[in-house]
Amino acid sequence: MNFQMVVLWSDICVALLLAGLIGLAVFSARRPLLRAAWGRVGASRPGMAAATILVFFALVGLLDSLHYRPRLENAGDGKAVYSVEVLSALDALASPLRERVEKTYSAPFAAHSYSRESIEIEDADGQKRQGRDFPRLTYGGAHLQTDADGKLSGRAADIAARVLLAFAAAAGVWVMAASAVVYALARRQARTLESPEIPWRQTLREIGQGKTVFAWNSVLAAFGVLLLVLMPLFFLCADYHVFGTDKVGTDVFYQVLKSIRTALVIGLVATLVTMPLALILGLLAGYFRGWIDDLVQYLYTTLNSIPGVLLIAASIMMMQVVIDTHPHWFSTAAERADLRLLALCFILGLTSWTSLCRLLRGETLKLRELEYIQAAQAFGVPSWRIMARHLAPNLMHIIVITLAMDFSSLVLAEAVLSYIGIGVDPLMISFGTMIDNARMELSRDPAVWWSLSAAFAFMLALVLSANLLADAVRDAFDPRLVR
Amino acid sequence: MFAYILRRLLYAIPILIGVNLISFALFFVVNTPDDMARMQLGVKRVTPEAIEKWKAERGYDKPLFWNAGAAGVEKATETIFFDKSARMFIGEFGRAEDGRDIRREIRTRMGPSLAIALPTFILGLFAAISCALTLAFFRATRFDFWGVVLCVTMMSVSSLFYIIGGQYLVAKVWQWVPISGYSGGLDAWRFLILPVLIGVLAGLGSSTRWYRTLFLEEIAKDYVRTARAKGLSEALVMSRHVLRNALIPILTGVVVVIPSLFMGSLLIESFFGIPGLGSYTIDAILAQDFSVVRAMVFIGSVLYIIGLILTDISYTWVDPRIRFQ
């Protein structure tokens, strides 16, 4: 084994989340009402386009959740020694991006550094002298030749050729995926109609005109757009810094990819913490009423009345003191950063469970008066069983809607909190720390715009698709909306 | 009515005690004062004497809840809990790390905070209601659809980008206003206009979308159909009937934040260098000044509770059908 598996606490949470999602899928598939609601989500055109893009983010996040420590090369006595650096499967795949570190800032696609340095310049007569100029980057555009007067040659042509190649590859992949979808749909159509011939043309036409029940046309369109954006990036990032480099020379594209997991963990784990607490307390308060209700209401009014940012700030400050005074708990810096990330998730969850709890309590108050609950009570079903079997499943729609709606606000909150300095560990790459590190860059001359722009674009893509999917989920699950 | 308000005020007391206990537990029970002293003095090269001195200077050398060594009432009063938490009820917040009186700081910083927060609030409300009314007027058209898409896109952008982008474009590239700073008096508008506009823009997307659904709910009601049946024009129906009635949920919904405007805006104040309570809070968080953060937690929850009571009062004020038992 030339590596050692490392399972961080947040990896366990990611695995739990995955299991929870699979559980939710199985649970919904068995219940006709929930299955119909998910069917309506699947029919939503914007929702499914957003879901396609979210699948890409989720894949990156999952790859980034498999952690290991590489074995060090020359451990003398044959005993296995592992690096203190914790890497992930994504790091292994993107190792060229991670390892190609320049000295300092460089613009996207640049072959020269952002700032002047003292370097040796060769004069026309072959004499070398010291001068200040923009040095060539070690890796970015290193394969390009300079011509006689020191100008780069053929950079635009090189980029254009690669982009064209990438578009061709994207088209190839897209056509393959689209034909697979058409093939599967047409086969199924033939089977349901029990006709011997497979209706290719009809299926193709239905997808093209958006007449399929599931929104295949928008899934394929979103997949196409995704390929058109990502393929050129992958083809170019081998030899260029596509989004430039930051102050210490790290590739910004790599940082953006790493930020995705942090955002996903914050957005999902926080709700995972929220849900059981809100569900249990909401059910208890709504079902038993009386002093339990008073107590739960008091609890969430009190927590609600503390300004959220300040409660988070206070908790994180306290957490930081605990972490700083117990350095022996953590064997690597990654573990420490990971614990702080989880702490942030817990605190965000604890400050935001109140609104979900209020909704669940209200719905339980309404449901407990219905006949089927009274029938269960008359049969002598114990209270906990009524809550678990009869009430909780009927609160699922509220939980699903809240989970979807909260995700985007949590991702946005992470950025703000990290900017204030009470977010994730400063060493952990996230959208918030990227913005925090880049906050002064626009005031430089010439302005360093790439780091912020890359964080902006990826965050917008993530949050916008989350919002669109959340809207589709809300429309499909909310019983108050008339359909 | 009076009895109701009195009861709400009395109900606020246990909540405030709860807030106080939570913040006390966070700041003193999770970590002992010794840990905080080590944190403030720097983890390395810290002597037990230095820790004792730090604690004595700030009054952290007393027992947490119960001083068995003291006599009489002082058993309860000569404690950290009484000193640091119970005295907040009478507005005694103590001193910050730099020795300044927190109460005086809050009083001087309230002005600049309000100068930003109040115009942002009023302009933002006005802009969002106008946009939402326009979208509702053109409901179920292409304009409405793209308007909602724009709203969702606007609320998907982090507020940090509005601030950074706006500051860069308006103040640095176009140089219309100073980048940051503040001055008292009438001259302040040059410093205030950009943060206010950015604040309005950053909140526009989500509130417009929310008010639009409120308008649409109102449009679906029977009296609107009656008004149309009488032959009123659509514009008149919207402005005379729908707007007025939809304002009830909108206004009662925003009343809760009005007292909290005193707290200022954390991000905008710190980006634009406005000496308000928001930037005070951020500085305290960055400097790990526990007493200031604790004071702000307390004030914030007091203002929130006042907001809740005002909300309830505003319900009766706009809608006489609601009675309090």
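This is a predicted model: local features need pLDDT of at least 70, side-chain atom pairs count only at pLDDT 80 or more; totals for chains, interfaces and linings use all residues.
Biologist: Which domains does the assignment give for chain A?
Modeller: The domain assignment divides chain A into three ranges. Domain 1 covers 3–99 and domain 2 covers 155–236. The remaining range, 252–477, is domain 3.

Biologist: How many residues does domain 3 of chain A bring to the contact with domain 1 of chain A?
Modeller: The C-alpha centres of domain 1 of chain A and domain 3 of chain A are 19 Å apart. A residue pair counts as a contact when the C-beta atoms lie within 7 Å. On that basis domain 1 of chain A supplies 29 residues, and domain 3 of chain A supplies 32 residues.

Biologist: Which element gives the most to the side of domain 1 of chain A that touches domain 3 of chain A?
Modeller: Elements giving two or more residues to that side are α1 (9–30), α2 (32–43), α3 (45–63) and α5 (95–99) of chain A. With 10 residues, the element that gives the most is α3(A).

Biologist: How many residues of that side of domain 1 of chain A are nonpolar?
Modeller: The side of domain 1 of chain A that touches domain 3 of chain A includes 3 charged and 5 polar residues. The nonpolar residues there number 21.

Biologist: What percentage of the residues in chain A is buried?
Modeller: Chain A has 483 residues, with 17 helices and 5 strands. A residue is buried if 20 or more other C-beta atoms lie within 10 Å of its own. By that criterion the buried share of chain A is 40%.

Conventions. Residues are numbered from 1 along each chain as its sequence is written. Chains are lettered from A and ligands numbered from 1 in the order in which they are written. Domain bounds come from an automatic or database domain assignment. Two residues are in contact if their C-beta atoms, placed from the backbone, lie within 7 Å. Helices (H or I, at least four residues) and strands (E, at least two) are DSSP runs, numbered from the N terminus. Ala, Val, Leu, Ile, Met, Phe, Trp, Tyr, Cys and Pro count as nonpolar, Asp, Glu, Lys and Arg as charged, and the others, Gly among them, as polar. A residue is buried if 20 or more other C-beta atoms lie within 10 Å of its own, exposed if 12 or fewer, and partly exposed in between; C-beta atoms are placed from the backbone.
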